Every structure is written in structure tokens, then in C-alpha cells.
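Biologist: I would like to learn how to read aromatic pairs and chain interfaces. Please show me the model first.

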Amino acid sequence: MAKKEEPLMDGPKRMNRELALMLEDKQNLQFRNLLVEPNNIYKWTGLLMPVAPPYDKGAYKMEIDFPLDYPFKPPRIHINTRMYHLNVNERGQVCVPILEVEHWIPTTRIDQVLQVLLATINDPQPENAWHIEMAGEYRNDPVRFFKMADAWVQKYSEPRPTEEELAKFARKRKKAMTKK
Amino acid sequence: MNSEMEFSDEDHGDSHRSLLTHMSCENDSDSEDTCTEILLPENSNSPETEDFVYKVLSVDQIVQHQRNIIDEVNNVLNLPPQVTRIILNHFKWDKESLFENYFESNPKDFFQRAHVLNPFEKKIERESAASTSCAIPQLCGICFCSCDELIGLGCGHNFCAACWKQYLANKTCSEGLANTIKCPAANCEILVDYISFLKLADDSEVVERYQQLITNTFVECNMLMRWCPAPNCSHAVKAVCAEPRAVLCKCGHEFCFACGENWHEPASCSSLKKWVKKCLEDSETSNWIAQNTKECPKCNVTIEKDGGCNHMVCKNPSCRYDFCWVCLGSWEPHGSSWYSCNRFDEEEAKQARLAQQKYRSSMARYLHYYNRYSNHMQSLKMENKLYSNIQAKMDDMQEEMSWIEVQFLRDAVDVLCQCRTTLMYSYVFAFYLMNNNQKIIFEDNQKDMEMATEKLSECLEREITVKNIYEVKQKVLDLSHYCQKRRHVLLCHVREGYENDWWEFKEETTT
């Protein structure tokens, strides 16, 4: 059906509304540097800053890819910075049930998804693990697990930006958006 | 007006009997068969004619049948039809189960478990929803736009018309859901009912797809219905009970109602399932062994079988040995009462056990049955090709004789294919059968039927020309008639054995 191939009218409208709400939101301190790719409303990027050790020592680049028929299909989320985490796989996919097609409902908002995602990172869920061995380690040998996780943070994660850097990014973004 | 067409096995019985009335009762004068002639009583309890009531339904008839069930239930419960439909889906269209639960449960639990609003409480919610909509215009929870009118299912969650349309199109066309589409709101389990769907989908293609999915689900979760498994057939069969019985679809395909496989009497559904699985697992070994044993037993020239008949003549000019393709023994005993190709010799097996591992004995036993099963399957394929050959002959003969005079050829091929099928599955049945006196009788019947089938096959493949048609006709009719009797005897004995618990089946041992 040719009709299906065309982008749906409401998707971008809703995404823009969600974007506006999230940019106004000053409370979410664990998701920063939200940016929409130029000329592509369907791709957002941002920075995850979890609060639970050892992940609280680093920052993690992530991207959100929206399908053409969003919000009737779920977005895809990738964490592009490597993490030693039982719910994050090698390709940066996060095992979060609400993002699966069977469980997705169109009334779920991105900020709600991010809340669940950050909650999962801060509090690993062995029952939804990508890695069975890592989940076992997390349960039976937590000292070793956290040692490995800490080592990966040291090795792979982005440095945590300062409040000044975050504020500077926000001003720059606002300026860029004003130009459009 | 009920436009459903009813078929029963009695129809097949009629055609069976009408075919018999044209058969000669004389013995084949060339036959060396010393068995006593078995006459079929007119009122015999033939497996083919035992009553199994079923109907073959088109898609429209399935939809109508579904509506009839809804109406029946509503005569008792007096609910809105779209609510009844959801509840029937929940109980897998089992009316008895539905009524049982309805009268035993309290209404709140009953409707909640079916994920439908309690229709007796609906008015109150509808009023409260109406009062809410008179207030400030609300945001649609999906597109976040302000709308004058939001629509819902009555559960209190409302969305704009455009979002409903896209939501339902996505669920139906993209995800393939119909009966299990829920309200889009978080944590709401209320299902979209039929009437709401038609109203909110607002797209004829989506509605058409929805109806297809509903019909498909109806047949698949209904214990008394089954789709015809033939490719490109859209009919379904409705039966009065879910039993392993042969059903014949309008497209010509005959299958088992219980398991959906080709009709497999005398083997049971479970035996066939185990057999198919075993054949898949052992196919490489079997194929290797089978391929390395098919050479002339006399001069070792490689032999390729080009027809369904098991009587082989070595093409080597200096040999010309007559032998049986299956057991590689001389063909001469196959025409006599000493024929024992189908019987597995337990004494030989004991000898083998002394010299070989138990596995080899087990493999030998399996291969005995597999080779014959596979051979009849292959013969069946060859004999299906025989249809076109026979058809060509019939066309040739049209010039010299009337159509009705050569119809017997097609009838004979039908009988031949039917017997091949039964023989094929008889080896599945025998493989899982423990030895007792009844098995010996079964194998005698199997032997007689196999012998008769080979004669008919040989006659149809080799002897028919335009010149000798009148001479061969009587022979073909006699052989066809005899094959049918042999098949009838075998199947009656098996059926009687099931009724009297004669059959003892081996438990599968892991090798």
C-alpha cells in the first residue's frame, strides 16, 4: 500500500510537542544535552547521567530513533557508550519490556520511557537480563561484578560534564533553534 | 435460509456401493489366490460408511456460523451482540463453558475476566463520560492535540478519531491482531469490541482485514473446526466432535480432522506423529542404506524403478531376473500363498541379535518398516502420474468407444491410490505394534492386500492398449473389486481391534 509508505501526519507533530515539553523540563537531571538531528525529527540524541555507582562516574551517549508510524510503533533506543550492565547488550540495546512491540502502547511518552530506562540502569533487573552469566555474577558475586563495571566506566565512559558545560550546551541549542 | 451444504461419509459410502454394484463377483481366473472369497453384507459396518457428520464451509458460511453462535448465546443472556462476541472469544467459542461460568461467577468477575465492560454498569459510566466531555476541550493522549470531541470505548479513556483510525490500522494490518486489541491507554485491559472497531477504523481495507483475522481466529481456536490444509484452499470443516476421522474437502483433499494430516488409517494420530519425527531424525541413515541396496540381487547391476509396480525385471540382457523391488527376493513366490514379504521374521531378528549390537537389530527392524512405507509412498507418487497416462489412453480410446466404457480405468486408478495410501500407513501402524495373535492376522491381511494391489498396479501399467481393451477390462474390474475387499477386511479388523483393545503398542525406546 502506497499509503503506508508515506510518513504519518501526526508523528512529527506529537514528537515536536514532546520535545517542547522535555526542553522545558528542568527536573530530569539524569538525561541531558537533548538534541534533534538537523532536518530529521525522527532522530534524537542525548546524554545519560545515572546516579547509581559505579555508573555515576561517567556519562553515556545515547540515541532515540523514531519509526515513521510513531507513536503507534515504539522508538528504538541505543546506548552508544559501552557499559558493563546486565540489561544492556553489545549493540547498546536496553532490555526494557515497554519498548517491545507487544507491550508498546501509543500513549507512552518518551520521557516516561527514559524514566524506566534510567531506573533500569540505576537498578539492574536480573529477570530481564541480556547476559545470563552477568546476571548470575550480579547475584552471586557482586564484588566482582561491580569491579568489572567500574573498570568499564574508567575505560569507556564519557567524562561527566560540569554544570557550566551543560548550561553552555543548552544556550547554544536554544540559539540554534531560534535561528530556524 | 440455511445455505450450508452437508456432507457425510454416507455420501462416500453411496459412491462406494455404486462402484461395487458394477463389479463382477467372479474370481480372477488367472489368480492363484487360494483365499476364500469374502462377500460384503449389504448392511456391513464398513469404516467408510460409519456416520461422522461434518460440513465443509466457505468463508461466508463460517462468518454466518459465527453469527449463529452469538445469537444462540444471546437468546439466553440477552447481552449486546458485540459483548457476547468478546465473551465467546474468551471461552474459545465453547458455549457450555461460557454458560457454566456465567451462572457460577458473580457478574463483575465474569466480565472483568473477559476484558469487557459490565454492560449492566455501562450506563453510569457513559453518563459520567458525557458530563466530562461537556467540560473543557481535552488533549488526545496519543497526538497531544486539543480536540472538540474525543471518542472512547466507555472505559473512560478517550482519543481523537484520527488516532483511533491509525491505532486500529496498525494493530490489524501491521501486527495481525483482531480480537485482542486493547484500549490504547496505559493499564487498561478493555478490549475493542466489534461495533466500536467498525466505527473507529473508518477504512474498508482495514475492516476487511479485521474480518479475515476474526474468521481465522474463530476456526483455529474452535475445537470443532479445522481449516483444510491444502494449499490455496479457503474452506474449513466443522464437525460434531473432534475425532480422528477422514473428512473430504470440496477442493478434493482428504485429511484427518483431529490432526490435519493426510488421512492415515490404520495408523493413529500419535503413531503417525512419532513416525514422522523418527523418519526426519533417521532419514540420512535410511536414505544411505536404501540407496546402497537397490541392485539386481542376481547380477548386481544398479536398478532404477520407473513405475509404481514392485515386480522388477532386470534389464541386463544376460540376466532378465524377475524379483521384488522391496525384498529383492524372487518374484515367483509373490504370486502364491507363500508370499511373506511384508512379515518381519522374528527368528531372523533373534539370530541377528546374537551377531550384532542391539542398535543394529533395532535399525534393521526400523528399516524393514521404513523401506516398505517409503516404497508405497513412492509408488503412490508414480501412480498419481498414472492418472495422466490413463487420461491420454482414455482420450485415444474416445475415437473408438464411448466415454463411459473407459471410465473404469480412472476408477481403477482411484482404487489403486487409495490402497497405496492405506498400505503406506499400515506399516506405520505395524511398526509400533507388539507381537500377538492379532498382529499375525493383521499381517496376513496386509499381505493379501499388498499382493492384490501389486497385481492391479502391474495390470494398469503394462497390459492396457487400445487393441486389448475389452479383454483387459474384465480383469481390471475384477482386480479393483478384489483390492477394495482386501482393504475393507484389513481396516475392519484394525477398527475391531481398537474397539476390543487387541492392539498393544510398543513404548518408544531411546537409542
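Biologist: Are Phe429(B) and Trp503(B) buried or exposed?

Modeller: Phe429(B) is buried, and Trp503(B) is buried too. Buried means under 20% relative accessible area, exposed over 50%, and partly exposed in between, with a 1.4 Å probe and protein chains only. A caution on the source: this is a predicted model, where local features need pLDDT of at least 70, side-chain atom pairs count only at pLDDT 80 or more, and totals for chains, interfaces and linings use all residues. Residues are numbered from 1 along each chain as its sequence is written, chains are lettered from A and ligands numbered from 1 in the order in which they are written, and side-chain values use heavy atoms, leaving out hydrogens and water.

Biologist: How many aromatic pairs does the structure hold over all chains?

Modeller: A pair of aromatic rings is described by the distance of the centres and the angle of the planes. Rings of Phe, Tyr and Trp (its six-membered ring) pair if their centres lie within 6.5 Å; planes under 30 degrees apart are stacked, over 60 edge-to-face, the rest tilted. Over all chains there are 35 aromatic pairs. Take Tyr369(B) and Tyr427(B): a tilted pair, 6.4 Å centre to centre, with 55° between the planes. Tyr369(B) sits in helix α12 (residues 358–398) of chain B and Tyr427(B) in helix α13 (residues 403–431) of chain B, 58 residues apart. Helices are DSSP runs (H or I, at least four residues), numbered from the N terminus.

Biologist: Why does Tyr427(B) count as buried?

Modeller: Because its relative accessibility is 0%. Tyr369(B) is buried as well, at 1%. Now compare Phe429(B) and Trp503(B): an edge-to-face pair, 5.2 Å centre to centre, 90° between the planes. Phe429(B) lies in helix α13 of chain B and Trp503(B) in the segment after α15 (469–499) of chain B, so the pair ties together parts 74 residues apart in sequence.

Biologist: Which ring does the charged end of Arg85(B) sit over?

Modeller: The test is NZ of Lys or CZ of Arg within 6 Å of the ring centre and within 35 degrees of the ring normal. Arg85(B) sits over Tyr194(B), 4.1 Å from the ring centre. Lys274(B) lies over the face of Tyr432(B), at 4.6 Å.

Biologist: How many residues of chain B are in contact with chain A?

Modeller: Contact means heavy atoms within 4.5 Å. Here 20 residues of chain B touch 19 of chain A. Helix α7 (residues 161–174) of chain B gives the largest share of chain B's side, eight residues.

How values were computed:
Helix = DSSP H or I, 4+ residues; strand = E, 2+ residues; numbered from the N terminus.
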